[in-house]
Amino acid sequence: MAATAALALALAACGSGGGTDHADGGGTGRGTAPTVRLPHLDGQKVQVTAVWTGPERENFGKVLDEFEKRTGATVDFVPSGDDMAGFVGSKIAGGGPPDVAMLPQVGVLHEFARKGWLKPLGADAKAQLTRNYAKGWQDLGAHRGTPYGVYFKASNKSLVWYNARAFDNAGVKEPTTWREFLTTARTLADSGVEPVSVGGADGWTLTDWFENVYLSQAGPQKYDQLARHKLKWTDPSVTRALTTLGGLFGHKDLLAGGNSGALQTDFPTSVTRTFSGGGAPKAAMVSSADFAAATISQTKARIGTDAKVFPFPAVGAKSPVVTGGDVAVALKDTKASQALLTFLASTDAARIWARAGGFLSPNKALDQAAYANDVLRTIAKALIAAGDDFRFDMSDQAPASFGGKPGQGEWKDLQDFLKNPKDVAGVQSRLEKDAARSFGH
C-alpha cells in the first residue's frame with residue numbers, strides 16, 4: 001500500500017508520455033491540437049450506456065460531443081441505472097445491445113467476457129491503450145489475456161470531504177487515524193453539527209466504507225483473498241472490520257439523520273447536505289471519492305476553500321487506497337464503436353472532462369494542468385507519483401449479483417448492518433451465504 005503522501009492517493013501509473021498520431025481535423029478546445037486520428041463516420045450511429053446521471057452525465061456528454069464533431073457520427077446516450085449488468089443483459093436478450101457500455105465494475109467485465117458479449121479492442125484502441133496506460137490498468141481491462149476495455153474514468157475512494165467552516169467552528173483539524181476520526185466526529189456533534197453524512201440508500205457507498213476499513217486494518221493480502229472469495233466473510237478479520245465500522249454506525253448521534261436517516265439518503269444528497277446551509281450545514285463531513293467534486297460544484301461551496309478533503313483515516317498502520325473506475329467496452333464490433341474506444345483511450349477525451357471537473361483519469365499522458373482546480377490537480381499529481389500501489393474496489397471485482405446490484409448481495413447486507421450495527425455475526429453469515437452463491441462455491 002502506498003504511503004500517505006500529499007493526499008495519499010494511489011491510482012494511475014508512473015511517468016508520462018503522449019501520442020504522436022496526426023489528428024484528422026477538429027479540436028479539443030482551448031487551442032490544444034488533437035493527438036489521435038479518428039475515422040470519418042458520417043451517417044453512422046453509436047449508442048452508449050453508462051450509470052452516470054446529473055453533472056457526470058452532462059460532462060460525459062461534452063466528451064461525446066467532441067467525438068461527434070471529429071467523426072460526423074451521431075451518439076445516443078442511454079442511462080443504464082445502477083444495475084448495469086441487468087440493463088445490458090435485457091438489451092442483449094432483446095437483440096438490441098448498445099454499441100458501447102461504460103461498466104462500473106471489473107467483475108461485470110469478466111462476466112460479460114465469459115458470456116461472449118464483449119468485442120476485443122481493435123488495433124487503434126490497443127495502440128492508444130499501450131501508449132497512455134500503465135500495465136496495471138491494461139490488465140484490469142482484459143479477460144484471460146485479451147484486452148476488452150479502456151478505463152476512461154478512475155476514482156479514488158479513500159477520501160473524506162469536509163465543511164471547512166464546520167471544522168473551524170468546532171476547533172478541530174483533519175484526523176489521520178480512525179481513533180482521531182471518531183474523536184473529531186464527537187467534537188463536531190458537541191458543537192451542534194451532525195458529524196458524518198452517509199448515503200446509505202445507495203448500497204455501494206457502504207461497501208466503500210467497509211473496504212477502506214478492511215484494507216487498512218487487515219492488509220492487502222487478506223483484502224485480495226476476500227475479494228476473490230478465497231477467504232470467507234465469516235473470517236475473524238471481517239468480524240474485526242465490521243466491529244470497527246460499528247464504532248461509527250453504532251452511534252446514531254454521529255450520523256446525519258441517525259441510522260434511519262442515513263438509510264434514506266442517496267449519494268448526491270449525502271454530499272450536498274454537507275456543503276449547503278452556509279455556517280449551519282446538515283453534516284460536517286462525508287466519505288466519498290474524488291467524483292464528489294462534481295456534486296459539490298452544484299452547491300455554493302468552493303472546492304479548496306469551503307470544501308476540503310483529507311485521506312481516509314488509518315485504521316491500521318497506513319491509510320487505505322481503494323480505487324474504482326469505469327471501463328469502456330464494445331458490445332458491437334463496428335467501426336464507430338472501435339473509434340469511440342480509441343478516442344476514450346486518448347488524452348484528447350480525458351482532457352475534456354478533466355477541464356469540466358469531477359474527474360480523474362488513469363491516462364498517464366494527460367497533462368495535469370488540464371484539471372479544473374488546484375485540489376484535483378494536487379490529487380492527480382499524487383496519483384501519478386504513487387504508481388500502481390493500490391487495491392481496486394472489492395465489490396466491483398465480485399460477480400454483479402453479489403457486489404453490484406441494488407437490494408441484494410453485499411449492498412443489501414451492509415444496509416442491514418447500518419440498520420442494526422450490533423448484529424455483526426448475522427451480517428457476516430448473510431454476506432458469506434450470498435458470496436458463496438454468487439461465486440459458485
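## Helices α1 and α14

Helix α1 (residues 54-71) packs against helix α14 (residues 335-344) at an angle of about 120°, and their axes lie 11 Å apart.

From α1, the residues F60, V63, L64, E66, F67 and R70 make the contact, and from α14, A336, A339, L340, F343 and L344; contact means heavy atoms within 4.5 Å. By class, nine of these residues are nonpolar, none is polar and two are charged.

## Basis of the model

This is a predicted model, in which local features need pLDDT of at least 70 and side-chain atom pairs count only at pLDDT 80 or more, while totals for chains, interfaces and linings use all residues. Residues are numbered from 1 along each chain as its sequence is written, and side-chain values use heavy atoms, without hydrogens and water.

## Helices α8 and α19

The axes of helix α8 (residues 203-218) and helix α19 (residues 409-419) cross at roughly 75° and come within 8 Å. This makes α8 roughly perpendicular to α19. The contact of α8 with α19 has six nonpolar, three polar and two charged residues.

## Residue E174

E174 is found in the loop between α6 (164-170) and α7 (178-190). Its relative accessibility is 40%, so E174 counts as partly exposed, between the limits of 20% for buried and 50% for exposed. The side chains of E174 and Y162 are joined by a polar contact of 2.6 Å, that is, a donor and acceptor pair of N or O atoms within 3.5 Å.

Terms used:
Axes fitted to C-alpha atoms, helices over the stretch in contact; angles between N-to-C directions. Helix = DSSP H or I, 4+ residues; strand = E, 2+ residues; numbered from the N terminus. Nonpolar A, V, L, I, M, F, W, Y, C, P; charged D, E, K, R; others polar. Parallel < 35°, antiparallel > 145°, perpendicular 65-115°, else oblique. Buried < 20%, exposed > 50% of the residue type's maximum accessible area, 1.4 Å probe, protein only.
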